[in-house]
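Student: Can we go through this one together? I'd like to start with a term before any residues.

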Amino acid sequence: MFLEVKDLSVDLKDFQLEKTSLEVNEQDYLVIIGPTGSGKSVLLETIAGFYQPDNGRIFLEGRDITNLNPEDRGISIVYQDYVLFPHMNVFENIAFGLKRKIGEKNVIESKVREIAKLLKIDHLLDRDPETLSGGEQQRVAIARSLVVEPKILLMDEPFAALDVNTHALLTSLIKDVIAKQETTCIHVSHNFNDVYNLAERVAVMKDGKILQQGTTHDVFSRPSHNFVADFVGVHNVFQGEIVGHDKSLLHIEISPDLLIYSSADFKHTSNDVMVAIRPESIIFSNELFVSSVRNQLKGVVKDMFEIGHTVWIEVQVGGVTFRGVLTPNSCESLGIKIGKEIYLSFKSLNVNLMECDDAYHSI
């Protein structure tokens with residue numbers, strides 16, 4: 001394992017990081033998400049060496065770096081507010097860290113110009129930071145961190161202060177540069193677009209703990225915790241009871257008149273479970289159709305509303321409300337309107353199961 005954080009605990013009096021573990025492979029792009037105050041920045045800064053943990057260890061390439069000074073870890077960090085030196089021009093800002101490692105001016109100049117070209121700021125090298133736009137300043141900050149060839153690049157909300165268009169431009173550019181530099185990256189963000197566009201892996205934090213980590217697909221499609229399901233937008237999360245099984249299918253009773261089926265590989269210690277179904281996994285139709293899909297239900301449209309270029313549909317099935325998403329064209333062709341009876345279906349493999357606990361009720 002390239003980076004391994006094991007049972008890390010940090011007590012900052014008003015906040016605690018509690019037995020947090022994290023694994024990052026070499027050249028991974030990991031995005032850490034979670035609500036404000038969940039400990040994302042504290043975790044990043046502890047990995048960087050700014051906080052000394054009370055318990056736990058940090059290993060980089062198999063070497064224990066827990067007690068190393070920040071400058072001896074081979075780790076760079078980029079913040080939301082750039083932190084550029086106002087008395088230095090762009091070239092001098094980017095070269096700052098290199099001068100501590102390399103004495104040859106021609107090598108420094110070559111490396112600065114190379115990274116500046118990759119980040120498309122090579123025409124700004126003689127400019128002062130205060131004359132640059134926010135996006136340009138952030139690229140200078142990233143260039144300064146990458147030019148020293150860190151083993152890991154940490155980024156704490158690097159695009160949060162940028163407008164939507166600049167954010168999109170930088171996201172695309174950074175993805176290419178990180179790949180070309182073959183840099184391992186851990187990126188803290190509140191923006192799910194950063195997850196969709198950048199992440200190979202994702203970790204979800206809450207209250208100083210990492211609740212789940214894995215590939216983006218696994219975390220978003222198969223949440224293992226109630227809060228994770230709610231936070232990543234599964235929307236259809238219900239409490240149920242396993243009342244039977246046949247072959248590879250579990251039978252889950254959501255209410256006295258609603259039974260659904262799941263083929264999830266779920267090892268349960270109790271029959272009480274939480275069920276999670278992503279909205280995009282639900283198919284709507286005007287008639288019951290012949291299919292291998294085991295879950296086919298009939299309900300009534302209770303509400304519908306547009307979000308961006310999609311239409312969200314709420315369908316009441318017995319005493320349970322399901323939420324799905326359609327394109328406006330699909331909605332029109334199906335004649336969907338409030339009060340209309342409609343069928344909804346979803347595959348048993350898209351019915352994710354989680355242990356039932358009290359956390360969901362406090363969300």
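Tutor: Buried means under 20% relative accessible area, exposed means over 50%, and partly exposed is in between (1.4 Å probe, protein chains only). This is a predicted model, where local features need pLDDT of at least 70, side-chain atom pairs count only at pLDDT 80 or more, and totals for chains, interfaces and linings use all residues. Residues are numbered from 1 along each chain as its sequence is written, and side-chain values use heavy atoms, with hydrogens and water left out.

Student: Is S345 buried or exposed?

Tutor: S345 is buried, because its relative accessibility is 2%. S345 sits in strand β19, residues 341-346. Strands (E, at least two residues) and helices (H or I, at least four) are DSSP runs, numbered from the N terminus.

Student: What is S345 in contact with?

Tutor: Contact means heavy atoms within 4.5 Å. Leaving aside neighbours within four places in sequence, S345 touches S281, I282, I283, F289, V293, N295 and Q296.

Student: New topic. How many residues has the largest nonpolar core?

Tutor: It has 55. Such a core is a set of buried Ala, Val, Leu, Ile, Met, Phe, Trp, Tyr and Cys residues joined through side-chain atoms within 4.5 Å. I33, I94 and L119 have the most contacts inside the largest one. A second, separate core of 31 residues includes A264, V317, V320 and L353.

Student: And which residues does I94 contact?

Tutor: Beyond four places in sequence, I94 is in contact with V112, I115, A116, I121, L125, V140, A143, R144 and V147.

Student: Now helices. How do α4 and α5 pack?

Tutor: At an angle of about 15°, with axes 11 Å apart. Axes are lines fitted to C-alpha atoms, for helices over the stretch in contact, and angles run from 0 to 180 degrees between N-to-C directions. The two helices are therefore roughly parallel, a label for angles under 35 degrees.

Student: Which residues make that contact?

Tutor: From α4, G135, Q138, R139, I142 and L146. From α5, T166, L170, L173, I174, V177, I178 and Q181.

Student: Where is E182, and what is its phi?

Tutor: E182 is in the loop between α5 (164-181) and β8 (184-188). Its phi is positive, about 55°. E182 counts as exposed, at 53% relative accessibility.

Definitions and conventions: Parallel < 35°, antiparallel > 145°, perpendicular 65-115°, else oblique.
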